[in-house]
Amino acid sequence: DNSENFIQGGFTCRDIIPYIHDPKKETILFIGRTKFIYWEEFNEYNATNSTFIKELRMVADIIDLMPSTLKANLLFRPRQEKLFWDEEHLLELDKHNVKIDGGNFAESISQSRIVIINHMSTGFAEILLMKVPFILVYDVSFIPLSDELKQIFDDLIGCGVVHVSAQSAVS
């Protein structure tokens with residue numbers, strides 16, 4: 001039975017490793033995402049890639065605003081695909097001395113103290129299923145939410161799980 005790894009809509013999660021809380025963990029894992037490089041590629045929200053550029057700006061702002069004590073533990077996991085935007089290059093992660101993660105997804109998450117993610121995806125569902133401490137950086141003005149999610153997001157913003165700006169996420 002694989003029902004605990006199945007998300008309504010047909011997505012299947014990777015291996016779900018139970019998260020073990022350990023105060024000695026220091027890694028802050030940022031899970032990025034990417035899009036096709038075409039400027040006029042319309043996505044699932046009927047928004048052009050200009051929306052993705054705004055999302056990238058928010059990620060860059062988070063990295064810029066992050067105190068050096070936290071940035072020293074930052075591990076960025078870019079999504080790398082052919083013919084897609086190259087987050088690692090666009091964000092100039094090497095110039096910010098940000099380490100890059102390319103290891104096993106579940107292991108990287110389980111070794112982190114907290115995960116930062118800026119999109120809702122199968123990876124986000126896996127974080128929830130693993131019960132990992134996380135924050136979601138998601139500006140609802142970039143990508144609209146359904147009426148059902150608006151109330152939930154208001155509650156998550158109120159309790160500090162969802163952040164709609166770089167300043168909020170870093171503070």
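The second largest pocket here comes out at about 160 Å³, a volume being the space filled by probe spheres set on grid points joined across faces, edges and corners. This is a predicted model, where local features need pLDDT of at least 70, side-chain atom pairs count only at pLDDT 80 or more, and totals for chains, interfaces and linings use all residues. Residues are numbered from 1 along each chain as its sequence is written, and side-chain values use heavy atoms, with hydrogens and water left out.

**Pocket**
- A pocket is an open set of points on a 1 Å grid over the protein atoms alone where a 1.4 Å probe fits, with protein on both sides within 12 Å along at least five of seven lines; lining residues have an atom within 4 Å of a point.
- The lining of the second largest pocket includes Ile28, Ile62, Met66 and Val170.

- Six strands make an open sheet in the order 5-4-3-6-7-8, with parallel pairing (pairing takes at least two DSSP bridges between two strands).
- Its edges are strand 5 (99-100) and strand 8 (162-163).
- Strands 3 (residues 27-31) and 4 (residues 74-77) share 4 bridges, and Ile28 has Leu74 as its bridge partner in strand 4.

**Helix 1**
- Glu55 sits in helix 1 (residues 50-65).
- Leaving aside neighbours within four places in sequence, Glu55 is in contact with Arg33, Phe142 and Ile143 (heavy atoms within 4.5 Å).

Key. Helix = DSSP H or I, 4+ residues; strand = E, 2+ residues; numbered from the N terminus.
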